[in-house]
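Good morning, everyone, and thank you for making the time. Please take a look at the chain on the screen, and then I will walk you through it.

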Amino acid sequence: MDRAADPQTTAFSALTPRERDVMDYVAMGKPNKVIAAELGVSQRTIEAHRARIFQKMRVKNAVELARCVLSQAPLT
């Protein structure tokens with residue numbers, strides 16, 4: 001399948017740079033509290049980013065998000 005036509009690729013491009021940062025932490029399994037501390041923001045801010053990420057990526061949980069992130073990783 002052509003990656004340019006892939007809905008997940010389109011969803012990735014809709015994320016803001018900060019949402020991509022948060023997405024990486026969520027995909028690694030980090031809890032909101034840890035993400036907030038490492039990024040220097042409130043836990044509520046992370047919860048809001050996370051909700052928007054899930055909506056934009058059309059996933060229901062962190063496991064589905066991690067699957068999307070891994071499917072987009074370049075092959076080495």
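Predicted model: local features only at pLDDT ≥ 70, side-chain atom pairs only at ≥ 80, totals over all residues.

Of the 76 residues in this chain, 33% are buried, where buried means under 20% relative accessible area, exposed over 50% and partly exposed in between, with a 1.4 Å probe and protein chains only. Residues are numbered from 1 along each chain as its sequence is written, and side-chain values use heavy atoms, with hydrogens and water left out.

The chain has five helices and zero strands, taking helices (H or I, at least four residues) and strands (E, at least two) as DSSP runs numbered from the N terminus.

Let me turn to one helix pair. Helix H2, residues 17-27, packs against helix H5, residues 62-72, at an angle of about 110°, with the axes 9 Å apart; the axes are lines fitted to C-alpha atoms over the stretch in contact, and angles run from 0 to 180 degrees between N-to-C directions. H2 is therefore roughly perpendicular to H5, a label that covers 65 to 115 degrees. On the H2 side the contact (heavy atoms within 4.5 Å) is made by Met23, Val26 and Ala27, and on the H5 side by Ala62, Leu65, Ala66 and Val69.

Which residues touch the most other members of the largest nonpolar core? Among its 18 residues, they are Met23, Ile53, Met57 and Leu65, a nonpolar core being a set of buried Ala, Val, Leu, Ile, Met, Phe, Trp, Tyr and Cys residues joined through side-chain atoms within 4.5 Å. Helix H1 (7-14), H2, helix H3 (32-39), helix H4 (43-57) and H5 each give two or more residues to this core. Leaving aside neighbours within four places in sequence, Met23 is in contact with Phe12, Leu15, Ile53, Leu65 and Val69.

Coming back to H5, its buried residues are Leu65, Ala66, Cys68, Val69 and Gln72. They lie on the same side of H5, because they cover an arc of only 160° around the axis, taken from the directions from the helix axis to the C-beta atoms. Val63, Arg67 and Leu70 are exposed on the face turned away from that buried side.

Finally, Arg58, in the loop between H4 and H5, has a positive phi of about 60° although it is not a glycine. Arg58 counts as exposed, at 67% relative accessibility.

Note on methods:
Parallel < 35°, antiparallel > 145°, perpendicular 65-115°, else oblique.
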